[in-house]
Amino acid sequence: RLSPDQLVYIGLRDVDLSERRWIRELGIKAFTMYDIDHLGIGQVMDLTFEHLLKDDPNRPLHLSYDIDAVDPVLAPATGTKVRGGLTYREAHFVCEAVAQCG
């Protein structure tokens, strides 16, 4: 079973009020598209790894990729038909960063 502090959400947008409340109450680390625009995907991934690896830098990581994070222009089958999601390059960078993390 995963503890909420072992989760990070990247690329959130169009999050409803109850989802926001759960994320906040459970203390799940989350980066919205605003955060990605403001910080850049590289910094977001650095902060993600800092958070996930702070107690054990050698712990295994698992990437669960929700296609809803990607802009619907690039992923037309997504359930979140809201523009402004991850670009192809940002989406790919997430995978590259996790793979290089070790």
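Guide: First, the bookkeeping: helices (H or I, at least four residues) and strands (E, at least two) are DSSP runs, numbered from the N terminus. You're looking at a predicted model, so local features need pLDDT of at least 70 and side-chain atom pairs count only at pLDDT 80 or more, while totals for chains, interfaces and linings use all residues. Residues are numbered from 1 along each chain as its sequence is written, and side-chain values use heavy atoms, with hydrogens and water left out.

Let's take α4, residues 88-101. After α4 comes G102, with a positive phi near 110°.

Now for the two faces. Buried means under 20% relative accessible area, exposed over 50%, and partly exposed in between (1.4 Å probe, protein chains only). In α4, the buried residues are E90, A91, V94 and A97. These cover an arc of only 125° around the axis (taken from the directions from the helix axis to the C-beta atoms), so they lie on the same side of α4. Over on the other side, Y88, A99 and Q100 are exposed. The cover over the buried residues includes α2 (33-39) and α3 (41-53), where contact means heavy atoms within 4.5 Å.

What about the cysteines? A disulfide here is a pair of cysteine sulfur atoms within 2.5 Å, and by that rule the count is zero. C95 is in none: the nearest cysteine sulfur, that of C101, is 13 Å away. C95 is partly exposed, at a relative accessible area of 33%, and C101 is partly exposed too, at 31%.

On a 1 Å grid over the protein atoms alone, a pocket is an open set of points with protein on both sides within 12 Å along at least five of seven lines, and lining residues have an atom within 4 Å of a point. Of the 31 lining residues, V8, Y9, I10, S64 and D66 are the closest to the centre. β1 (8-12), α1 (17-26), α3 and α4 each give two or more residues to the lining, and β1 gives the most, with five.

Notes
On a 1 Å grid over the protein atoms alone, a cavity is a set of points where a 1.4 Å probe fits but cannot get out, and a pocket is an open set with protein on both sides within 12 Å along at least five of seven lines; lining residues have an atom within 4 Å of a point.
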